[in-house]
Structures are given as C-alpha cells and as structure tokens.
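Dear colleague,

Please find the structure we discussed below. My notes on the ligand site and on one part of the surface follow it.

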Amino acid sequence: MQARAMVLPNSTEEISAVLALCNTMQQPVVIIGGNTGGVQGQYPSSNELVISLEQLNQIEEIDEANATAIVQAGCVLETVQQAVADKGLLYPLDLGGRGSATVGGNVSSNAGGINVIRHGMMRNVTLGLEVVLADGTVLSSMNQMIKNNTGYDLKQLFIGSEGTLGVVTKVVVKLEEPTTTINTAMLSLSSFENVLKLLRHMRRYMGNVLNAFEYMDNDYYCAVTVEGGNRAPMDASSACYIVTEVRGNNFEFDEELFQETLAEAIELGIIDEVVIAQSERQRQEIWEVRENFEPILHNSPYFLYDVSLPIGVMDQYLKQVKAEIKALWPNSLCASLAHVGDNNLHFFIAPREEGNIDENSSHVKANEIVYAPLTELNGSVSAEHGIGIEKKNYLPMSRTPQELELMKVLKRTLDPNNILAPGRIFDL
Ligand SMILES: Cc1cc2nc3c(=O)[nH]c(=O)nc-3n(C[C@H](O)[C@H](O)[C@H](O)COP(=O)(O)OP(=O)(O)OC[C@H]3O[C@@H](n4cnc5c(N)ncnc54)[C@H](O)[C@@H]3O)c2cc1C
C-alpha cells in the first residue's frame, strides 16, 4: 500500500485542522483504524492522505450509573471490553478482530460479530458520536440517553458510512450488566433444515440468554481441523455444526436449562451429537474451530464473502453456490460459516487449480456466482463488512436506483469536494 502521506493526529482539533486544509486543497483523504476491515475501504491509493486514528485511543469516561462509556475512536475494541469489565460492566460488541479493530472502525463499518443475536450490531450499542466533517466542522452529537427524540438522529448517517461522510472521533457506547454463567456447546446436525429447527428451539427455550448461534458446514469444519489446524471436538462426518453459547446469571438453573434444552433437541431428532464444554480450555477449543480459520488462508488465492439473506432460503442458496463453484473449479474449496440468527452467511472460496491462476478474473467469476442469486432472494451483497472498494460494482444488486441517488445527494451535501474516501461505496 502506498499513500501520499500519513498523519497521526492526537486530538479532534488536529483532525479538524487537517480536514479543513485538505478540503481547501482538494486533497483526498482516507481514514484508517485497526486495518481489519474486510472490503478494502481503508486501503489508500497513491494520491491519498491517510489519517490514522492510532493516537486517539483514550477511554474518556465510564459512567457506571448511566451504563455508558465515552471512547475515542482509535481505541481498540478489546481494550474497551477489558476496561469496562474492570468496572463490573459489559461492552457487548465482540468479533474475531477484537485485538486490532477500533471503535471508530466498528462504527464506520457498523460491525456485527458473534453476539448480534442478543445485543445487535454497532448501531445498537452507539448512543452518540463526535464527527469531523469534510470541511473541518466538528459535529458533536454526544447523546448519552436511550431516549432523545429531538429531530433527526444525525449519528445514524455516519454509522456504516465507511468514512465517506466524516471522521468519527469519539463514541458514546451503551453498556450492559455482565453475565456470570457461560454454557457453551458444539453440536452436529444432519441437515440445514435441522439447523433452522434448532435455532427456533433454542430461541424458544433459552430466550434472551442465547448469546451465540454459529453455523459451520462440513467443508469448513474439515478445512479448519486438518492436521496442524484446530483440534476437532467431534468427528468430521456431519453435514452441519453449530457452536452455541448461553450467558445468564443463575448458576444452577442456567446450566440445567441448557442441558435439558439440548437433550430435548436430541430426543426430537434435531441434533446428532453434543459436546458441552466442561472447562474454559474446552470452551476455547470449541470457539477456536469457529474463529481460527488460519488453515484456510494457506490456500492461494482465496476469496472471503459476507452476504445476508432470509434464513428460509439460505440452504437452497448455499447448495446452488457450492454446485456452481464445483462445476467451475472441480478441486475447489467452498467452505461456509454463518451467524445464522442474523441472516448472515460467510464463504471462503479457494479455486485450488493447478498452475498459474489469474486471481482477479477468478475473483470476478466467484463474485458472479455468489452475488447473482441474491437480488431475487431478497438478500444483500454485504451483511456486516460493508461495500468499500471490493463490492461497489455489486451495490446496485442490493439497493434501488432511488436509494443510490439519495446516498449520492447526502455525500455531495456533506462532502462537496469529494475528499473523504472517494471511490468507496460508489463513484460519484
Ligand atoms: C479475524 C477477523 C474477524 C472479523 N470478524 C468480524 C465479524 O464477525 N463481524 C464484523 O462485522 N466484522 C468482522 N471483521 C472485520 C473488521 O474487524 C470490522 O469491519 C471492524 O469494524 C473494522 O475496524 P477497524 O478499526 O479495523 O477499521 P479499518 O479496517 O481501519 O477501517 C474500516 C473502514 O472504516 C473506515 N474508518 C475506520 N476508522 C474510522 C473513523 N474513525 N472514522 C471514519 N471512518 C473510519 C475506514 O476508512 C474503512 O472504510 C473481522 C476481521 C478480522 C480480521
């Protein structure tokens, strides 16, 4: 990656001064947080100035009574989680990139992750924002209340806008009371139909203590538990695997209810096998199968996808994509995992062809197979990663011309010189 220069401001005022100057000079700018974003939006081009939020990394306040924290945008997600936990509270957003991803990056991508089924996406935990606009204006919208219906909720414009409308400098986040019990299991199932039955069953019996419900197909499970990869908690012969976790506050009751719910699912023929974590080490081992996809990344090239669609059509869609990828590349790997309860499906596609394979044209071919069916199925080309540069050609598959036009009106209004992350999400 090459950029024109990089600045590392350590205050909102410095960011404001930098943007005011860039706006006058018509100097394009791109913002970088933890550089874990999945759609290349943070990658600069050679004429762009990079604004790194690295130094704006303080937690300014944790208000225990109000259950809110004020966090500077460059603060790393895991640091916030830990600081809040030290005060006896919970910061509910969590995702695999927690050790590098920043709160500002989470806002700008409207990050999701593994607890969305219970706590929602970044939008749901964001109460207020401070944003610097393209001309250097500091917009303070630092609301700390749950209820505040005073005109337009301006922060929503910036959540998920991928740095195209302003630089997020500070965030008010909503905190929760922590839970004291964790029960985790890995389950094997014979079909996706049973996965959907199990989701309903878990929702019905576990209610709002259901914290995670993560799907892996057989191709994914086998690929990440190869020799030298993750330890396999159960054998690799099932069609589907689920990692589920419930978190509550009633030590005896929670464990009993979890075990009874799973036992009943076995009796109903929904689940084949269950491994319940008996220790924190076993719990980590179960989660590593879901989160550590390092073994797949040894395939070169590989393409990662993040799409969403109604869960009733997920199975049909998955089968179609897998069949088409196999027909195109007979040796390929098409491994899927999903935050099923959030309508969110991820794929890793690796062509695994002999000889030199052109990465760009292969990527376009795979994109066509993955994205083409989504419009008809009322799905979306991006569930939680955003559009960035990687998906902008496919955005019209998920948004109407009228929606796209209004997005452009907003962009032109807030950034008339198009200096903020130009060419991300759409071209003007
Ligand atoms: C192992 C791994 C697992 C992941 N799992 C998930 C997951 O489960 N769910 C999920 O949603 N994502 C996931 N991600 C993707 C990524 O972590 C999120 O998109 C995250 O929110 C990006 O934060 P970041 O600080 O790294 O942002 P960056 O990558 O630095 O930037 C991402 C985008 O936000 C913009 N941006 C960054 N900071 C600001 C700011 N302060 N103001 C304005 N714009 C800004 C950038 O310009 C860019 O467009 C994962 C990534 C990894 C590596």
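Which element gives the largest share of the shell around the ligand? In this predicted model, that share comes from α3, with five residues.

The ligand site

The ligand is surrounded by 32 residues. The closest are Ile31, Gly33, Thr36, Gly37 and Thr102. Sorted by class, the shell consists of 21 polar, nine nonpolar and two charged residues.

One belongs to Asn35 and is 2.9 Å from a ligand oxygen atom. Another, in Gly113, is 3.3 Å from a nitrogen atom of the ligand. In Glu162, a polar backbone atom is 3.4 Å from an oxygen atom of the ligand. As for cover, the ligand taken alone exposes 980 Å², and the protein buries 89% of that. The elements that give two or more residues to the shell are β2 (29–32), α3 (103–109) and β8 (167–174).

The surface

Leu406, Val409 and Leu410 make a nonpolar surface patch of about 240 Å². Leu406 is placed in helix α14, which spans residues 401–414. Is Leu406 buried or exposed? Leu406 counts as exposed because its relative accessibility is 52%, and the cut-off for exposed is over 50%.

With kind regards

Definitions and conventions
Residues numbered from 1 in each chain as written. Predicted model: local features only at pLDDT ≥ 70, side-chain atom pairs only at ≥ 80, totals over all residues. Heavy atoms only, no water. Patch = residues over 30% accessible without salt bridge, like charges linked within 9 Å, V, L, I, M, F, W, Y side chains within 5 Å. Areas by Shrake-Rupley, 256 points an atom, 1.4 Å probe, with all protein chains shown as cover. Salt bridge = Lys/Arg side-chain N within 4 Å of Asp/Glu carboxyl O. Helix = DSSP H or I, 4+ residues; strand = E, 2+ residues; numbered from the N terminus. Buried < 20%, exposed > 50% of the residue type's maximum accessible area, 1.4 Å probe, protein only. Near = heavy atom within 4 Å. Polar contact = N/O pair within 3.5 Å; in protein donor to acceptor, adjacent residues only side chain to side chain. Nonpolar A, V, L, I, M, F, W, Y, C, P; charged D, E, K, R; others polar.
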